[in-house]
Amino acid sequence: MTQHFIVVGNPIAHSKSPEIHAQFAAQTGIDIRYQRQYCPDDAASFTALLEAFFHGGGVGANVTVPFKQVAYACCAARGGLSEHAKVAGAVNTLWLNTTLLKNGASVSEAIYGDNTDGQGLVNHILSLGWPLAGTRVALIGAGGAARGVILPLIQAGIGDLSIANRTVSKAEELACELSAASDVIDAHAISTCATSELTGAFDIIINATSIGLSGETLPLAYTLTAHYAYDMMYGRTLPFLQHFAARGAQTSDGYGMLIGQAALSFERWTTQKVDVAVATAALHDKALHDK
Ligand code: NDP
């Protein structure tokens, strides 16, 4: 029987998720239909859309900009949240909590949320052969993407975390909020500063800002160095990566993270693991990356 999935966003036409999940379906032999779903940008429309989808027999949903926080609130009030979603304050993967359904909950009451973005990043970094355990990490950005990667980075054993953000107060708030949400994150162990004030030698530096969308370049100090530089954006020439590559760093864009977070969603829904390297190669062959 065909299993139905959607990715909800606004805008949504650019989403590569249907192609990625079609590749996973081809790998596993699972019969799926995965569609892009536009939604007006308000919480009531989003919740009504999700409830209708699951009432209609839908198996799982992804959500993207601008609905990850709305999805968090929706699941918090219904079927619950994974630890990663709780700490991230954002949900990108939803399905029905079968335990609640068995105990008599309605479909609407059983909508459950997880966040696979951060683990997708960590899995990609590890697949590149970059070290994480004991490393000194600088994370630039304090938005949804930055929030989602901190718990997985800490669980991967990083030694030290600095969060830099254009608006430094948001970096400070993020560090405090995260430690309140999880007993493995100590806000006092995280240093914060403005992006332009980030200096020193790091093992890994991660760009989790959306500055690249506008074609602008981050103001980076000359004395800022890293062995490895990762940009969560993908699919175009990224000045952030060029900056560190010119100083001898190994670099990667966020394309592997995109495939990695999708693979984890697919696994949550179907219990089937997929080969991310196979999917990455197949999708590159279709020139998905540069579109
Ligand atoms: P948010 O809007 O939540 O956060 C944006 C962040 O970027 C904030 O920290 C903001 O700083 C900073 N920023 C924006 N413009 C500038 C600027 N001109 N100069 C300096 N800093 C700036 O976005 P998200 O966190 O959701 O997404 C961030 C990026 O991560 C996006 O490019 C997104 O595409 C990418 N992403 C990639 C994924 C993948 O799978 N590869 C998954 C998820 C996200 P301030 O607080 O000062 O406004």
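User: Which residue stands opposite Val7 in E3?
Analyst: Asn62 stands opposite Val7. This is a predicted model, where local features need pLDDT of at least 70, side-chain atom pairs count only at pLDDT 80 or more, and totals for chains, interfaces and linings use all residues. Residues are numbered from 1 along each chain as its sequence is written, and side-chain values use heavy atoms, leaving out hydrogens and water.

User: How many bridges join E1 to E3?
Analyst: Four, between E1 (residues 3-9) and E3 (residues 60-63), which run parallel. Strands are DSSP runs (E, at least two residues), numbered from the N terminus. Two strands pair if DSSP finds at least two bridges between them.

User: What is the strand order in the open sheet?
Analyst: E2-E1-E3-E4-E5, five strands with mixed pairing. E2 (32-38) and E5 (111-114) are the edges; each has a single partner strand, so one side of each lacks a neighbour in the sheet. Neighbouring strands are turned by 25° against each other on average, direction ignored. Axes are lines fitted to C-alpha atoms, for helices over the stretch in contact, with angles from 0 to 180 degrees between N-to-C directions.

User: Where does H3 lie?
Analyst: Helix H3 (residues 68-76) lies across E3, E4 (93-96) and E5, at about 135° to E5. Helices are DSSP runs too (H or I, at least four residues). Contact means heavy atoms within 4.5 Å.

User: Is Cys75 buried or exposed?
Analyst: Buried, with a relative accessible area of 0%. Buried means under 20%, exposed over 50%, partly exposed in between (1.4 Å probe, protein chains only).
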